[in-house]
Amino acid sequence: MSQIPNFVAMQSTRNQDTYWIHWNLSKRCNYNCSYCSDALHDMTSPHHSLEYLISVANKIKKNIPNKKIRIWFTGGEPTANPNFLEFCKFLKNQIRVTHIGLNSNGSRNVKYHTELIKYVNKIQFSSHFEFMDIDKFLENLEAMPRKKSSLNLMAEPEHWDKVKRLVGFCEQRNINYHLKRIRPKYQWKQRHPASKDMNYDSYGVINAGLLNSVEYTPPYTEEQIQWLEEKEHVQLEDENGNKVTKPDILIYPNIDDEPEEKWANDFIKNQQDNLFGWLCGVGLEGIEINADGTIHRGVCGVGGIISHVDDEDWNLPKNFIVCNRTRCTCVADWKTTKYKNHSSRKELKESISFEIYKRKGSLDSINK
Ligand code: SF4
Ligand code: SF4
């Protein structure tokens, strides 16, 4: 059962002169990993044309406030779209788009990646052992500039020998990697209409009429968990590929306390992520574009659909929202200002505003 975290407010440690766009380009993927939700990937979604992608990029520039723009592509698999490389070439020449990055399963070849890396700042490869050709994958990793690439190493318990091989490979070559535990995968079933039981999804949202049963549970041993705990924070880096040792959030234990630096992921891992009823600034520093083109404040979806990329004018949030979920499980969503209640906001607004200012933001920022 998730718990309320032991602080009264928090904010991100990232630069505040940038607007962060998390863009799920499409559900289309060339893999079908057993732990990946059907809501996240398929092998059939059509590819967007280059013209369409450029039209969305133009709307981003028109609608996003006057800040630097950072676009991070996810999917599905972004590079599965045959127009992706050309689109990145286009984006690279757009003023204000100062950073482009992506998650990729690394299934394209060295030639493709060598070309792509000219136009993007960062490729974060993810290993998916069920489908990947490990030798081709390592060739790709080796060929990429160290500061512009990294590895999300999916610690699949069934492929432990390969997990260790990749860790050794990265450590020898000074490649940044981050071990990711595999989460259980749920499937949804219709609940019997007479049942009165409440059911919650992984974000803590009530799913009326649906039951989630576990379809896949990663079979970690005690020994594997212990090894993961030792290795999980070994090598970390910021979005620009620089190694960092600094945590990603500031928390305020009480209204009179100085802020403390922490890792968002530690709260999520320990299930201290119940922010139900908190005032949340998700959507004030960036947005989430979903595979179907709808726009949400963040990955959590709280606040519902705020616009669609096809709309000429996007209705971007200007105020905090009250969280209605019992779990906040996405690290990206954690990197926004949050207050336990109106009283902590009143007391800490100025301190938070000053920290925003210290990180290249404005004292008038709406994110406080
Ligand atoms: S490669 Fe990524 S998006 Fe594709 S099926 Fe695997 S986890 Fe899902
Ligand atoms: S990011 Fe979403 S889930 Fe997390 S506290 Fe804010 S509204 Fe709630």
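**Ligand surroundings and fold**

Analyst: Ligand 2 is surrounded by 13 residues, the closest being Cys-280, Cys-300, Cys-323, Cys-328 and Asp-333. A residue is near a molecule if its C-beta atom, placed from the backbone, lies within 6 Å of it. This is a predicted model, in which local features need pLDDT of at least 70 and side-chain atom pairs count only at pLDDT 80 or more, while totals for chains, interfaces and linings use all residues. Residues are numbered from 1 along each chain as its sequence is written, and chains are lettered from A and ligands numbered from 1 in the order in which they are written.

User: How does the shell around ligand 2 divide into nonpolar, polar and charged residues?

Analyst: There are nine nonpolar, one polar and three charged residues in that shell. Ala, Val, Leu, Ile, Met, Phe, Trp, Tyr, Cys and Pro count as nonpolar, Asp, Glu, Lys and Arg as charged, and the others, Gly among them, as polar.

User: Which residues are around ligand 1?

Analyst: Among them are Cys-29, Cys-33, Cys-36, His-41, Glu-77 and His-128. The shell around ligand 1 has five nonpolar, six polar and one charged.

User: Why is Glu-215 called partly exposed?

Analyst: Glu-215 has 14 C-beta neighbours inside 10 Å. A residue is buried with 20 or more other C-beta atoms within 10 Å of its own, exposed with 12 or fewer, and partly exposed in between, C-beta atoms being placed from the backbone. Therefore Glu-215, with 14, counts as partly exposed. The C-alpha atoms of Glu-215 and Ser-34 are separated by 9.0 Å, although the two are 181 residues apart along the chain.

User: What percentage of the protein chain is buried?

Analyst: Buried residues make up 33% of its 368 residues.
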